[in-house]
Amino acid sequence: MSDNNSKNIIDLLKQGDKLTLEKIYTDNREAFINFSKKYNIEKYDAVDIYQDAILVLRENAMRGKIDNLNSTISTYLFAIGKYKIFHSYRLKSKTELMNEINFEEKKLDFDVNLLDEELTNQQKLLKEYFNKLGDRCKNVLKLFYYQGYTLDEITEVLNYSSKKVLKSQKSRCVKQLKDLVNKSYE
Amino acid sequence: MNNIDLIDKYFENSLSPKEQLKFKDLLQNDKEFVKEFAFQKDLKKIISIKQQEDLKSTLQQFENKLQNKSPFLIFQKKWLVAASISLLIAVGIWSVKNTFFPSTEDLFAENFEPYRNIVQPIVRGESINTIEYRAFVSYENNEYYKAINLFNSVKNPSKTSTLFYKAMSYLATNNASEAIEILLPIATNKNLGDSEIDFKEKANWYLALAYLKNGDDKKAISQFSFIANHPSSSFKKEESIHVLKYLK
């Protein structure tokens, strides 16, 4: 697979393309489960670790951390998976495993899974109220805070007449959330 | 620049060194600023969590799909042996068939190449900032999804050339139906101006490919025949004749 191809796949991931995601998931799953067997990991756990690895892959793609990836997506995905196995299972063969991870990917962040984190009260409320926002707000906030678009880019992509208009829309959305959260404290 | 702008720039990763100093200073001395910043950081976090939850459930769907696909594992061994023998035969037949009779998918892959950019010359290193220019930069870099977004945002999105390259981008991202919707009116338009007429014959060829990609063999055959038998146009004539041999 050429670099160009990896780059394309990363772009598709950034766009949230579901077919690409499914293809990556399906293409590498069997190999990963077989690989995990070497470390006596049950299939069920292997699938779980594998899903986490996919999650990290997408997250790092979104954050622009692998824009210049030199390896294939599969290689990168396996590097994450190995790292996950190593961390969740405190294996004897730590050194062996670490030696296998000698790509540039080592420098990157494989700990971006947020699902197990404890939330503060305010965060819990925010999470609940975010769903109450209109689609337009959700869209703007997602693009800005999650997908890493700049305000200029969002102005263009969502067809706002100017950056100024977008900015006031965004601050209205944020304020709406703030009001909802504050209200529930009263 | 007001303080809210600084927070926006923080999330865009675009604070200058000078602005970073101001940012740090505000974090230490301005309670309102701290509150606002903390709120937006929380917001970023919960949006990310939501996205990850969505993704997790999507992956679970893929997983279920895969597991439902493999019920043959519960077959008995002798059946497996019998099945693998017939599978071997089938694969043998299939690969012979595949060599001599490529699938429509193969035909598409063999013949489809996004049409080169003849509209907007791109000069490396130059930073022209019109949307159209950036759309073609994305197009040339094979960033087709981005290109589609940008083509949608240009000043005059219904210009024939813009539509044509948008359709190319759809085809390149396996979205044949969208491509057909755009290409069909171009291919059948009788009132195109001199500068657009070129795109018409190209649209005919790509329309045929889009039908092929969509598995609509009947329409694909009639479209390729149209090109193959066209009295005045020679664009992709031979290729169409070639594809037709396999389709009929």
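You will find Asn142(B) in the loop between helix 6 (131-140) and helix 7 of chain B. Its backbone is worth a look as well: phi of Asn142(B) is near 60°, a positive value in a residue other than glycine.

Lys236(B) sits in the loop between helix 11 (217-228) and helix 12 (237-247) of chain B. Lys236(B) counts as buried, because it has 22 C-beta neighbours inside 10 Å.

## Chain B as a whole

Chain B is built from twelve helices and zero strands, so if you follow the chain from its N terminus, every element you meet is an α. Of the 248 residues in chain B, 27% are buried. Among contacts between residues at least 6 apart in sequence, 41% join residues at least 24 apart.

## Covered and open helices

Helix 7 of chain B, residues 144-153, is mostly covered, with eight of its ten residues buried. Among them are Tyr144(B), Tyr145(B), Lys146(B) and Phe151(B).

The number of buried residues among its 13 is zero, so helix 2 of chain B lies largely in the open. From first C-alpha to last, this helix reaches 19 Å, close to the 18 Å expected at 1.5 Å a residue.

The buried residues in helix 9 of chain B are Ala176(B), Ala179(B), Ile180(B), Ile182(B), Leu183(B), Ile186(B) and Ala187(B). An α-helix has 3.6 residues a turn, so residues three or four places apart point the same way. Helix 8 (160-172) and helix 10 (197-213) of chain B are included in what covers the buried residues of helix 9.

The largest nonpolar core holds 87 residues, and Ala167(B), Leu183(B) and Ala210(B) touch the most other members. Helix 3 of chain A gives this core its largest share, eleven residues. Leaving aside neighbours within four places in sequence, Ala167(B) is in contact with Ala179(B), Ile182(B), Leu183(B) and Tyr206(B).

## Where the chains meet

On the chain A side, 36 residues are in contact with 31 residues of chain B. Among the chain A elements that give two or more residues to this side are helix 1 (3-14), helix 2 (18-37), helix 3 (43-62) and helix 9 (163-185). By type, the residues on the side of chain A that touches chain B divide into 17 nonpolar, ten polar and nine charged.

## Confidence in chain A

Chain A averages a pLDDT of 81, and 81% of the residues score at least 70. Residues 100-108 of chain A have a pLDDT below 50, though this stretch has 13 contacts in the model beyond near neighbours in sequence. Where pLDDT is low, the predicted coordinates should not be read in detail.

How values were computed: Residues numbered from 1 in each chain as written. Chains lettered and ligands numbered in written order. Predicted model: local features only at pLDDT ≥ 70, side-chain atom pairs only at ≥ 80, totals over all residues. Contact = placed C-beta atoms within 7 Å. Helix = DSSP H or I, 4+ residues; strand = E, 2+ residues; numbered from the N terminus. Nonpolar A, V, L, I, M, F, W, Y, C, P; charged D, E, K, R; others polar. Buried ≥ 20, exposed ≤ 12 C-beta atoms within 10 Å, placed from the backbone. Core = buried A, V, L, I, M, F, W, Y, C linked by C-beta atoms within 7 Å. pLDDT = per-residue confidence, 0-100. Expected span 1.5 Å × (residues − 1).
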